[in-house]
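Here are my notes on this model, as numbered points. Have the viewer open while you go through them.

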Amino acid sequence: MTFHTVEKIGGTSMSDYVAVRDNIILKPVHREDLYQRIFVVSAYGGITDMLLEHKKNGHAGIYGQFANSLNDAGWQASLVTLKQEMFAINANIFDTAEAIKKADAFIGERLDDTERCLADLQRLCQHGHFSLDAHLSTVREMLASIGEAHSAWNTVQLLQQDGINAVFVDLTGWRTDKHMTLDERIKKAFAEIDLSRQLPIATGYAHSIDGLMSTFDRGYSEMTFSRIAVLTEADEAIIHKEFHLSSADPRLVGEDKAVPIGRTNYDVADQLANLGMEAIHPKAAKGLRQNEIALRVRNTFEPDHAGTLITGDYVSSKPCVEIIAGCKGVYAFEVFDQNMAGEIHNYDREILALIRRFRAHIVSKDINANTITHYLSASLKKIRRIRDALQEIYPDAEINQQKVSIVSAIGSDMKIPGILAKTVSALAEKQISVLAMHQSMRQVDMQFVIDEDAYTDAIKSLHSHLVEVHDHGIAICLAS
């Protein structure tokens, strides 16, 4: 197979078709030819939040409403609202009544199927012999598939109107009569596609016998993207976002100070993912790294910028801090028990089992002789459930929780003498107390646990002291 790329377009970018067409489709990264590319698309901005739950605040979408009430039909009202929103998107992007009618018919059919299916399941599970919980993972998969089917199908129609031979690659398994693995579904879908003259637009959600949501949840589209790149032996994988992978959040440090990274490695990408600021899901990155496929992160709205290239073997020419990142609203979940000394592994195993059970994300962790502290990215509701369950197992343990922030300095090589002291000094200069800190021997990141309300000042100070920017907007590594 000749040189080709697999490219993923994020939800915010998808909401601006003209930008996608002009800045991505009509401006190939590596050649003038429009083809020899595969696109994997996300749902339009906000649609997956309506289908599942809001990604940032956790507000229940259709899935959450359906899962939490067996007798309430509130989810049906939300499904009507979703249909209205999807139809409004169609009306906004298509310019003829015929095209709008065709687009409404496509997604309307799927939404009607969904309503019938959920209503039937709800009635069935009102019978004592059937448990709703046993079917919720399948419901979540079904709902997730709708958003990407909508955006992919629409994009194909629009591109065809603009004279581009786009083809719809539906990986959702809608009304499928055969279950198969993710790899089997991808191979089957692309078996007859000629990349030299066809431009495939694939759904970010792909149905598989094992289910993507159970493992990757909201990162499912990145796994689809990664597997397509691996199975088609892509030369490069590209993610188009609405922002650059920058040295810090421009909204915090200022757009004139934050600069695109340009080059980094998959190790750095993993650290960002752990903080919830992922360039790509770690398990999706694993396949690309193992198959030596470079990943490029580009800004949809700056098409002339090369973006940031991520490879497995890159190390900065000089040891430096590349990115200042972090996360707010993290809970420090501390378990102290005098009986823990000498039994740390047993306690650790039980705590980890509960964290997994309630699906709380571990950002970091501390252990000493009689105390284990996990820094968890989770809702207060989940934290309380973990606490109650753990208190039953260890009634004599003292369990505390505190809301904190974590800030991190990250780089592909940070073996810089005195870097830890310099970083702590940058925080102390702003009167920011360090509650806990972590620096691994791998020397790719340092994490500092601080008070929740000190987050913005900490990011600004660390960026100011550890990332220097010259007049041309290129990050300068600190000399050791």
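**Notes on the fold**

1. Helix H14 (residues 344-357) lies across S9, S10 and S11, and runs at about 20° to S11. Helix H17 (residues 455-466) also packs on the sheet, where it touches S9, strand S12 (398-410) and strand S14 (445-451), with its direction at about 130° to that of S9. Helices (H or I, at least four residues) and strands (E, at least two) are DSSP runs numbered from the N terminus. Axes are lines fitted to C-alpha atoms, for helices over the stretch in contact, with angles from 0 to 180 degrees between N-to-C directions; contact means heavy atoms within 4.5 Å.

2. Some ground rules: this is a predicted model, so local features need pLDDT of at least 70 and side-chain atom pairs count only at pLDDT 80 or more, while totals for chains, interfaces and linings use all residues. Residues are numbered from 1 along each chain as its sequence is written, and side-chain values use heavy atoms, leaving out hydrogens and water.

3. The sheet itself is open, with six strands in the order S10-S11-S9-S12-S14-S13 and antiparallel pairing (two strands pair if DSSP finds at least two bridges between them). S10 and strand S13 (436-439) are the edge strands, each pairing on one side only. From one strand to the next, the twist averages 30°.

4. Zooming in, a hairpin of three residues joins S10 to S11. Strand S10 (residues 361-367) and strand S11 (residues 371-377) share six bridges in the antiparallel sense, and isoleucine 367 sits opposite isoleucine 372 in S11. Strand S9 (residues 323-336) is also joined to S11 by six bridges, again antiparallel; there, histidine 374 of S11 is the bridge partner of phenylalanine 333.

5. How do H5 and H6 cross? The axes of helix H5 (residues 74-93) and helix H6 (residues 97-125) come within 10 Å and cross at roughly 170°. H5 and H6 are therefore roughly antiparallel (angles over 145 degrees count as such). Among the residues making the contact are Trp75, Leu79 and Phe87 of H5 and Ile107, Leu111 and Leu118 of H6.

6. On the core: 106 residues make up the largest nonpolar core, and Leu143, Ile201, Ile228 and Leu295 touch the most other members. A nonpolar core is a set of buried Ala, Val, Leu, Ile, Met, Phe, Trp, Tyr and Cys residues joined through side-chain atoms within 4.5 Å; buried means under 20% relative accessible area (1.4 Å probe, protein chains only).

Technical notes. Parallel < 35°, antiparallel > 145°, perpendicular 65-115°, else oblique. Buried < 20%, exposed > 50% of the residue type's maximum accessible area, 1.4 Å probe, protein only.
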